[in-house]
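Subject: Structure for you to look at

Dear colleague,

I am handing over the structure we spoke about, together with some notes on what was found in it. Please open it first and keep it beside you while you read.

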Amino acid sequence: MTSARGRFAPSPTGDFHLGNLRTALYAYVFARHAGGDFIVRVEDLDRSRVRPGVAERQLADLAALGLTWQGPVVYQSQRESLYEDALATLRSQGRVYECYCSRREIREAVAESLGAPHHAVGFYAGTCRELSTAEREARRAERPAALRLRADAAEVGVADLVHGEYLARVDDFILRRGDGGFAYNLAVVVDDAAQGVTQVVRGDDLLESAPRQTFLARALGLKAPSYAHVPLVLNPAGQRLAKRDGAVTRADLARQGVDDAALFLLIAHSMGLLLDSGRDRPTAPTRVLLDALVAEFQPAHISREPWVFRAAAL
Ligand SMILES: [Zn+2]
């Protein structure tokens, strides 16, 4: 597969708000702009956070904005054998080890280590990397082990289409959690490659995971996709938009009289696109507007600034 393919990969943990819908629209126009197709994947591996019925409402929201996707929607919860295979490959390379640390232990180890700038929140200091067999057996009795990737503190650069070159040191991140669930980073890399995804467009809160995923793709002998991390939507206080900010979902907005065509234009205008289309009385169906959006879109013109959304301004 050499043609472009983009994707949108939501987690069904809550209804979409404007920020999610805007990211989906970006992923779609990026794919279509490149002459490629677009797929949707539901990232439902963390069962403790999945809410029944949410995935169906999320897909309905995408369809209401006129988005169409290639093939059936793929659910990560049905693909665990693929992740097992990837894990086996990494094991055969001697790249997998057990970690017994609690969240608190990881925080404390990071606080003790160096204070180097890359030792940010969530960076694993390597506590369990070189334990002896006896130490492992003792610690295994305390709690179920997670599995980590031996990354050898590799420096990996990613050329992001919005943020430019982004370089980070890769830590020994988690491949499988202590509860047996496969980690986001592993599943994403395996699925993007298996599904022929060539471009990953997603919120820029995930920019820092791109070097990890690129490293993992290379370790598995997979081609890493290109990246475009698009700005988030914030509330007026500068926080990431959320339910607490009032009418932020498609259903909320519909109750305030914002129909699907108006919602589409609201998002398109926030992207600096379709500014000539009237916000007050949109008459064109979203399908037509979507084609116009793709025609107008220029990746080089994406702003790095977040969109600040004031629910009261509607
Ligand atoms: Zn550990």
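This is a predicted model: local features need pLDDT of at least 70, side-chain atom pairs count only at pLDDT 80 or more; totals for chains, interfaces and linings use all residues.

Residues are numbered from 1 along each chain as its sequence is written, and side-chain values use heavy atoms, with hydrogens and water left out.

A pair of aromatic rings is described by the distance of the centres and the angle of the planes. Rings of Phe, Tyr and Trp (its six-membered ring) pair if their centres lie within 6.5 Å, and planes under 30 degrees apart count as stacked, over 60 as edge-to-face and the rest as tilted. By this rule there are six aromatic pairs. One of them joins Tyr26 and Phe297, which are edge-to-face at 6.4 Å centre to centre, with 65 degrees between the planes. This pair links distant parts of the chain, 271 residues apart, since Tyr26 is in helix H1 (residues 18–33) and Phe297 is in the loop between helix H10 (286–296) and strand S12 (307–308). Helices (H or I, at least four residues) and strands (E, at least two) are DSSP runs, numbered from the N terminus. Tyr26 and Phe297 are both buried, where buried means under 20% relative accessible area, exposed over 50% and partly exposed in between (1.4 Å probe, protein chains only). Together with Phe30, they form one aromatic cluster.

A nonpolar core is a set of buried Ala, Val, Leu, Ile, Met, Phe, Trp, Tyr and Cys residues joined through side-chain atoms within 4.5 Å. The largest such core has 49 residues, of which Leu18, Phe264 and Leu293 touch the most other members. Helix H1 gives the most to this core, with 10 residues. A second, separate core of 24 residues includes Tyr83, Val170, Leu175 and Ala187.

Gln199 is found in strand S9 (residues 199–203), and it counts as buried because its relative accessibility is 9%. A polar atom of its side chain lies 2.9 Å from the backbone nitrogen of Ala31. Gln213, in helix H7 (residues 210–219), also counts as buried, because its relative accessibility is 1%.

With best wishes

Key:
A polar contact is a pair of N or O atoms within 3.5 Å; within protein, one must be able to donate a hydrogen and the other to accept it, and residues adjacent in sequence count only if both atoms are side-chain atoms.
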